Amino acid sequence: MRINCEVQVNNRKLPSLNISNKRGGTRSSLGIGRHPGSKADVSSLFIHLCTAQHKLGTKYKVGGNIEAVFTKFVAEGKFTIRFKEPSHDLCVKADPVLAKTFLQTLKQGIQNKDIEKLRLSNLNPVKQSQVEKPMTKLIIRSKQEYPITTAFPYSLEILKVNNVELNRVEKRIIKLKKLKSLDLSHNTIKELPATISVMCCLTELHLSFNHIPNISPQVFTGRLSHTLHLLDLSYNGMEYLPHTLGRLCNLVSLKIDGNKLRKLPASLGKLTRMKYLTASNNNLVELPGSLMHLRMDTVDVFGNPLSSPLGLVTNNITGVPRLKEITSAYCVQRGLRPTAADIPATLVDYLQAWCKCGCGRICYETHILACISLNLKLVASALAIDTAFQTSAPALAVLCSQKCFDKCFKR
Ligand SMILES: [Zn+2]
């Protein structure tokens with residue numbers, strides 16, 4: 001057992017000699033082990049601390065030599081081991097999971113339980129790579145640099161792989177638990193695996209200049225739907241975007257320029273944190289009317305036909321709405337979020353499929369669909385559209401009643 005961590009060694013005798021102990025932590029490798037061939041017993045166990053300057057390391061006896069182990073902050077990966085001889089405190093800061101595994105091994109060692117079964121280090125001097133700071137950023141710009149036989153460092157937070165003709169998002173990339181920013185632009189990726197939705201820290205996903213014609217609705221569910229801030233899908237030849245895009249509740253920036261999109265999902269209006277929407281050079285004939293509920297900084301719809309004729313599209317108001325619609329609208333309006341534990345799972349999905357009329361009312365099936373003229377100046381402070389004097393665009397809106405329809409068309 002050996003972990004890469006930061007260790008501060010405090011000599012408890014120094015303050016009594018009026019010497020300060022404050023040196024700060026050093027990148028180290030902390031092992032627990034025994035010499036090969038020695039007795040499988042706590043008396044032969046050592047804690048082995050190595051640094052870049054001292055790769056041979058310092059060995060601290062474990063058996064009868066540990067005065068205390070402080071684990072109050074182990075959830076943050078911090079713990080302290082107090083030895084009797086020498087009178088050193090090792091203040092350790094590591095990955096929380098590694099810290100817990102290390103302490104578990106130490107505990108079993110101290111209890112002298114099944115020592116032969118423990119994963120122990122052989123106390124050999126460490127290599128330079130074991131005492132280096134874990135890599136958090138990796139940029140790959142050529143095929144030769146792309147790791148094929150070696151793994152990606154587990155500690156990566158930023159990964160950029162550009163111009164290497166990568167044709168899929170590999171499992172080992174999805175498994176990088178600390179990854180915050182993934183840039184796979186300028187490759188030949190054809191499909192996004194649905195498993196990407198399990199990535200738990202990803203805030204930025206750059207996929208421009210690939211060949212992704214469409215995306216599975218599952219991609220924008222899961223943990224990803226809460227973490228993603230930036231999504232760049234520009235220049236992919238994309239014809240369709242899934243309605244689940246509206247579940248990316250923390251999305252701030254969406255770039256979908258240079259695709260073949262004719263329409264955008266109505267759920268876009270649910271992205272209330274969105275500030276930048278660039279959808280230039282597509283085939284958009286209209287915008288989603290739900291955009292009227294957003295207040296953005298920039299909207300770029302330059303190079304789109306935006307040619308849909310204004311007026312009624314369908315009238316689905318045939319009578320009194322069903323009880324299911326009325327109660328679901330009530331739940332949404334009151335901010336109630338029942339889960340599959342409270343109501344049937346199909347109803348949970350139904351509940352999320354709401355639309356909002358310009359008047360603020362929540363609708364489901366009972367509504368009027370109409371192409372209205374959307375004043376984009378009210379939606380964004382900076383606007384890019386084909387004609388300089390034009391500030392409005394046709395937008396497919398859901399209207400709750402004939403009254404709201406008449407209001408839009410000023411009858
Ligand atoms: Zn209305």
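Which residues are buried in helix 5 (residues 345-352)? I began my notebook with this question, and I found Val348, Tyr350 and Leu351 buried there, where buried stands for under 20% relative accessible area, exposed for over 50%, and partly exposed for what lies in between (1.4 Å probe, protein chains only). Looking down the axis of helix 5, I noted that its buried residues fall within an arc of 165°, so they line one face of the helix; the arc is taken from the directions that lead from the helix axis to the C-beta atoms. I then looked up what these buried residues pack against, and the entry is helix 4 (323-333), with contact meaning heavy atoms within 4.5 Å.

Some notes on the source. The model is predicted, with local features needing pLDDT of at least 70 and side-chain atom pairs counting only at pLDDT 80 or more, while totals for chains, interfaces and linings use all residues. Residues are numbered from 1 along each chain as its sequence is written, and side-chain values use heavy atoms, with hydrogens and water left out.

Helices (H or I, at least four residues) and strands (E, at least two) are DSSP runs, numbered from the N terminus.

Next, the zinc site. I found the zinc ion coordinated by the SG atoms of Cys357, Cys359, Cys400 and Cys404, at 2.2 to 2.3 Å; donors are N, O and S atoms within 2.8 Å of the metal (3.2 Å for Na, K and Ca), and since water is not among the atoms, sites may look incomplete. Along the chain, the donors follow the spacing C-x1-C-x40-C-x3-C. The 4 donor atoms subtend angles of 107 to 116° around the zinc ion, which makes the arrangement tetrahedral, a label that four donors receive if all angles lie between 85 and 135 degrees.

Then I turned to strand 22 (residues 392-399), which is mostly covered, as 6 of its 8 residues are buried. Strand 20 (residues 368-375) runs antiparallel to strand 22 and is joined to it by 8 bridges, while strand 15 (residues 287-288) pairs with strand 22 in the parallel sense over 2 bridges; two strands pair if DSSP finds at least two bridges between them. I noted that Ala395 in strand 22 has Ile372 standing opposite, and that Leu287 also stands opposite Ala395.

Last, the charged pairs. The structure holds 12 salt bridges, each being a side-chain nitrogen of Lys or Arg within 4 Å of a carboxyl oxygen of Asp or Glu. Glu67 forms one with Arg12, the closest N and O atoms being 3.7 Å apart. This pair links distant parts of the chain, for Glu67 is in strand 5 (residues 66-70) and Arg12 is in the loop between strand 1 (2-11) and strand 2 (26-33), 55 residues apart. Glu286 and Lys263 meet through their side chains in another salt bridge (3.3 Å, N to O), and they too lie in distant parts of the chain, 23 residues apart. Of these two, Glu286 counts as buried at 7% relative accessibility, and Lys263 as partly exposed at 44%.

Notes
Four donors count as tetrahedral if all angles lie between 85 and 135 degrees; four count as square planar and six as octahedral if opposite donors are over 155 degrees apart and all others between 65 and 115; anything else is irregular.
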